[in-house]
Amino acid sequence: MAESRREQILATAADLFAARGFHGVSVAELGAACGISGPALYKHFSSKQAMLAEMLTSISEELLAVGRERVAAGDGDPAAALRGLVDWHVQFATTQRALIVVQDRDWESLPEDAREQVRRLQRAYITLWADQLRALRDDLDKPSAHAAAQAAFGLLNSTPRAGHGIPDVRLRELLGSMALAALGVATHQPELS
């Protein structure tokens, strides 16, 4: 499916914000990078902050929606659900490095209402993982399962700073196997004899 003009602008903005920071990119520079005048951006977004808000809110919504699909595809098997969640997050982390950098560095530039919306979506995403962990591992209470999920995100979201010189296909395998091991999930289903 072809990207909409808004999606193209957001992708360009993410790359620029990741490279130079939200405050280091002017509307004129952003417009030029998109092949339009800076003021023409206001046809698509009410402000640069609105662009940042949509960028981080939409990726948080996508992480949660696809995460829920992966859990459903696990068909009640928490290990399968967690393998699906790890696979999804590895895919996200290796294809959306700029968004990870923007989220980490420019969080304070988000308007408060957008920050709260992103926090709410992220809490739901963490809980999705934690629920599967608790279903799989009876040694984890709720806070421990949440901490384990967040630790896995830290590992997976290291892609902007790690993996230089490693092809993405190999990095995906490495990160996926490391995250599954850290979560205590077998990487392969046991063979039936």
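This is a predicted model: local features need pLDDT of at least 70, side-chain atom pairs count only at pLDDT 80 or more; totals for chains, interfaces and linings use all residues.
Residues are numbered from 1 along each chain as its sequence is written, and side-chain values use heavy atoms, with hydrogens and water left out.

I then looked up the partner of Arg70, and its side chain meets that of Asp87 in a salt bridge of 2.9 Å, N to O, the term standing for a side-chain nitrogen of Lys or Arg within 4 Å of a carboxyl oxygen of Asp or Glu. The pair links distant parts of the chain, with Asp87 in helix 4 (residues 78-95) and Arg70 in helix 3, 17 residues apart; helices here are DSSP runs (H or I, at least four residues), numbered from the N terminus. Asp87 is partly exposed at 45% relative accessibility.

By this rule I have a count of 13 salt bridges. Arg170 and Glu173 form one with 3.6 Å from N to O, and the two residues, 3 apart in helix 8 (residues 168-183), are separated by about one helical turn. Salt bridges that share partners join Glu108, Glu112, Arg115, Glu116, Arg119 and Arg123 into one network. Within it I checked Glu116 and Arg123, whose closest N and O atoms are 3.1 Å apart; Glu116 is partly exposed at 34%, and Arg123 is partly exposed at 44%.

Next I turned to helix 2 (residues 27-34), where Leu30, Gly31 and Cys34 are buried. They lie on the same side of helix 2 because they cover an arc of only 100° around the axis, taken from the directions from the helix axis to the C-beta atoms. Ala28 and Ala32, on the other side of helix 2, are exposed. The buried residues pack against helix 1 (5-20) and helix 3 (48-73), contact being heavy atoms within 4.5 Å. Gly35, which follows helix 2, has a positive phi near 80°.

Key:
Buried means under 20% relative accessible area, exposed over 50%, partly exposed in between (1.4 Å probe, protein chains only).
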